[in-house]
Amino acid sequence: MSASPINEFFSSPTQKFAVVGASSNRTKFGNKVLRWYVDNGYTAVPVNPKEKTIESLTCVQDLSSLPGNPSEYNVSIITPPAVTKSVLEAAHKNGIKRVWLQPDVDSAEALAYAKEVGLQIIAGGPCVLVHGIPSSRAKL
């Protein structure tokens, strides 16, 4: 995959990221992805309707509950494929433009919807844990 969509994902002027499907279980990818953002110098907000905090970060119930303006966030999704389209619908409704579908969360229906509404999507395999670009503020 070309690095261009990944570079664009990390070029947001606000450098705010939401992780939908963040988990309090450190062995799950939802937790590992959230920690990757924090450890690499980014502002990250966990999104999980069943949790209050994850990794000492305040959780929000959904994308519309993100602090400030939700449209300023880029979103990583780590949800079951059956849920992904509804997350993309919420992203679009909240003015979010860039979304990274982590491995194994996409579906044909979700990808078709993203294309239809013009979301900038990274999908089909790349994972932020491998392909992410650390911030200049990253811990060394």
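A search of the whole structure, which is a predicted model, finds 13 aromatic pairs.

**Phe-10 and Tyr-42**
- The rings of Phe-10 and Tyr-42 form a tilted aromatic pair, with 5.4 Å from centre to centre and 35 degrees between the planes.
- This pair links distant parts of the chain, 32 residues apart.
- Phe-10 lies in the loop between helix 1 (4-9) and strand 1 (16-20), while Tyr-42 lies in the loop between helix 2 (29-39) and strand 2 (43-47).
- Phe-10 has a relative accessible area of 7% and is therefore buried; Tyr-42 likewise counts as buried, at 7% relative accessibility.

**Phe-17 and Tyr-37**
- Phe-17 and Tyr-37 form a stacked aromatic pair, with centres 4.9 Å apart and planes at 25 degrees.
- Here too the pair links distant parts of the chain: Phe-17 belongs to strand 1 and Tyr-37 to helix 2, 20 residues apart.
- Both Phe-17 and Tyr-37 are buried.

**Aromatic cluster**
- One aromatic cluster is formed by Phe-9, Phe-10, Phe-17, Trp-36, Tyr-37, Tyr-42 and Trp-100.

**Charge over a ring**
- Lys-32 places its charged end over the ring of Phe-29, at 5.3 Å from the ring centre.

**Annotated domain**
- UniProt, in an unreviewed entry, lists residues 10-105 as "domain: CoA-binding".
- Over residues 10-105, the chain is 25% helix and 24% strand.
- The end C-alpha atoms of residues 10-105 are 20 Å apart.

Note on methods
Residues numbered from 1 in each chain as written. Predicted model: local features only at pLDDT ≥ 70, side-chain atom pairs only at ≥ 80, totals over all residues. Heavy atoms only, no water. UniProt positions renumbered as here; feature names shortened; annotations may be inferred. Helix = DSSP H or I, 4+ residues; strand = E, 2+ residues; numbered from the N terminus. Phe/Tyr/Trp six-rings, centres within 6.5 Å; stacked < 30°, edge-to-face > 60°. Buried < 20%, exposed > 50% of the residue type's maximum accessible area, 1.4 Å probe, protein only. Lys NZ or Arg CZ within 6 Å of the ring centre and 35° of its normal.
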